[in-house]
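Trainee: I have a chain open on my screen and I'd like to go through it with you. Could we take it one piece at a time?

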Amino acid sequence: MFGFKLWGRFGSFRDPITITQNMTFSIPPKTTVGGILASILGIDYNDYFNDNEYFDFGYSLILKNPVRKKSFSQNYIMDYTKTSAIRFNFMLTIHDNNQAVMLYENQKKELASKETRTKTEEKKLKGLEKKIETAKKKLNKAINNWCEKSSGKFAKAKPIYRELLIEPSFYIFINKFKYEGEIVELMKEHLSVFHLYMGNSEFAANYQFIDCHTCKEKKVLELDSFTGSPGKIKFEPGKKYTNVYAATCTTRNREYRDYKSMVVCDKKIVLSSAIDGYSLNTDMGDFNCEFI
């Protein structure tokens, strides 16, 4: 068994059930954690998707920071086809010509500010005036082309509702992982073959290895943050419970399988009857965990 702290400034673990709305799970699901482990090891997703034993590990999680979400609308272009390419090329032409005008005008201003100029500089100054005139004509032509040819041709913006996690931070514990020996050696050196992300390539992630000093199987009535037994929770006032329904493995063609309901809480979770769990003594503290 081993653990690691995973954190970042933002995160987005998209629920694959949502299509037009980009909603995020409150925690990294087991499939995402499996991808993070593969990134550290340098295993291509095609390889572990086709490995029937890869997701046989147990996974548990502790909230380091409370779950905080930010929701907002973001506009996307509905059509990323030829019309969008035309629009981009128009914008690029206008930008390039405007940059040329500014460059020549700055050069002209620098030469004109001299009290005395050589014949070569006088000749260059006249040449710059012609270049400025030509560049302005090209700029005006590009702007006119934009006005004439782009009107009404482009796809409308499509608003998408998005959710982000703010300052997500978790302690994640892994039990009976197929490549435990290899990954522990990498984690101790803080190495990773591929870059790590908090569910989305926009949001970089960092990690820190957690050494589990002792790990004892036991019956537990109280868990830290996370359970896969929502039917046994004794819900208490003043605690924030969040339900997560997510897949626990992924197969070829990115098919998600074996969905399971989990609950996370900002405080300890008290159960109505004991379940099989683990008591962990780690660098980050002592925890009672349930693995799924």
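Trainee: Which residues is Ile166 in contact with, leaving aside its neighbours within four places in sequence?

Mentor: Ile166 is in contact with Arg9, Phe10, Arg68, Lys69 and Lys70, where contact means heavy atoms within 4.5 Å. Keep in mind that this is a predicted model, in which local features need pLDDT of at least 70 and side-chain atom pairs count only at pLDDT 80 or more, while totals for chains, interfaces and linings use all residues. Residues are numbered from 1 along each chain as its sequence is written, and side-chain values use heavy atoms, with hydrogens and water left out.

Trainee: How far apart are Ile166 and Arg68, in sequence and in space?

Mentor: In sequence they are 98 residues apart, yet from C-alpha to C-alpha the separation is 5.4 Å.

Trainee: And where is Ile166 found, and is it buried or exposed?

Mentor: Ile166 is found in strand β5, residues 157-166, with strands being DSSP runs of E of at least two residues and helices runs of H or I of at least four, numbered from the N terminus. Its relative accessibility is 16%, so Ile166 counts as buried; buried means under 20% relative accessible area, exposed over 50% and partly exposed in between, using a 1.4 Å probe and protein chains only.

Trainee: Switching to Ala135, what does that one touch?

Mentor: Not counting residues up to four places away in sequence, Ala135 touches Asn97, Ala100, Val101 and Tyr104. Ala135 is found in helix α4, residues 119-149, and it counts as buried because its relative accessibility is 5%. The C-alpha atoms of Ala135 and Ser192 are separated by 50 Å, although the two residues are 57 apart along the chain.

Trainee: What about α1 and α5, at what angle do they cross?

Mentor: The axes of α1 (residues 30-41) and α5 (residues 180-188) come within 10 Å and cross at roughly 75 degrees. Axes here are lines fitted to C-alpha atoms, for helices over the stretch in contact, and angles run from 0 to 180 degrees between N-to-C directions.

Trainee: Which residues meet there?

Mentor: From α1 there are Leu37, Ile40 and Leu41, which meet Glu182, Ile183, Leu186 and Met187 in α5.

Trainee: And zooming out, how many helices and strands are there in the protein?

Mentor: The protein has five helices and 11 strands, and along its principal axes the C-alpha trace spans about 95 × 45 × 45 Å. Of its 292 residues, 41% count as buried.
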